Amino acid sequence: MHVHRYEQAWFYFTLGLLIVFFSAVMTAALAFGVNVPSPQGVVNPNDLSTTDFAEPGVRQLSDTVYEAYVVGRMWQWDPAEIRIPAGAHLKLYITSSDVQHGFKVMGTSLNIMVVPGQVSLATHTFDEPGEYLVICHEYCGIGHPQMSAKIIVEPVQEP
Ligand code: CUA
């Protein structure tokens with residue numbers, strides 16, 4: 001079969017691009033720890049009272065591992081403040097009790113779609129102390145621009 005020289009050139013160019021894109025995705029995932037939040041289950045968004053989201057907040061699981069249950073609702077994050085020590089490995093479970101929201105932690109790779117009825121899990125290790133601003137990045141109504149929270153990573157005292 002005869003393939004025109006130009007067509008052949010474009011074919012190899014396209015193949016090259018695919019390899020570049022695939023390498024970029026793998027580098028982001030493996031070298032920079034960018035992971036897609038995974039669905040962990042379903043809840044009834046109208047009744048979170050029988051779930052772990054009944055009392056949103058942070059719990060310590062071990063020396064360095066913490067879990068947080070966060071609920072997005074118009075127009076606030078509950079809790080609006082998460083406090084953990086530096087070096088903490090945070091397992092963040094999140095859902096919405098009304099419409100779709102977006103949980104983006106500035107300065108980190110944490111970026112989660114918050115879908116009513118769906119529980120999403122994302123993990124992140126906070127090595128740098130400081131205050132991390134959380135914004136909602138999915139338009140959710142009139143109060144959307146005010147929908148923010150913060151994650152406070154406290155420096156660990158040397159004994
Ligand atoms: Cu919640 Cu925008």
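Predicted model: local features only at pLDDT ≥ 70, side-chain atom pairs only at ≥ 80, totals over all residues.
A residue counts as buried under 20% relative accessible area, exposed over 50%, and partly exposed in between, using a 1.4 Å probe and protein chains only. Residues are numbered from 1 along each chain as its sequence is written, and side-chain values use heavy atoms, with hydrogens and water left out.

**Around Tyr6**
- Tyr6 sits in helix H1, residues 5-30 (helices are DSSP runs of H or I, at least four residues; strands are runs of E, at least two; numbering starts at the N terminus).
- Together with Trp10, Phe13, Leu17, Val20 and Phe21, Tyr6 makes up a nonpolar surface patch with about 690 Å² of accessible area.
- Nonpolar patch members have over 30% relative accessible area and no salt bridge, and their side chains are joined within 5 Å.
- A salt bridge here puts a side-chain nitrogen of Lys or Arg within 4 Å of a carboxyl oxygen of Asp or Glu.
- Areas come from the Shrake-Rupley method with a 1.4 Å probe.

**Strand S3 and its partners**
- S3 (residues 65-73) is largely enclosed by the rest of the structure, because seven of its nine residues are buried.
- S2 (residues 57-60) runs antiparallel to S3 over four bridges (pairing takes at least two DSSP bridges), and four residues separate the two in a hairpin.
- Arg59 has Glu67 in S3 as its bridge partner.
- With S4 (residues 76-78), S3 pairs antiparallel over three bridges, and Val71 faces Asp78.
- S6 (residues 88-96) pairs with S3 in the parallel sense over eight bridges, with His89 as the bridge partner of Val65.

Conventions:
Patch = residues over 30% accessible without salt bridge, like charges linked within 9 Å, V, L, I, M, F, W, Y side chains within 5 Å.
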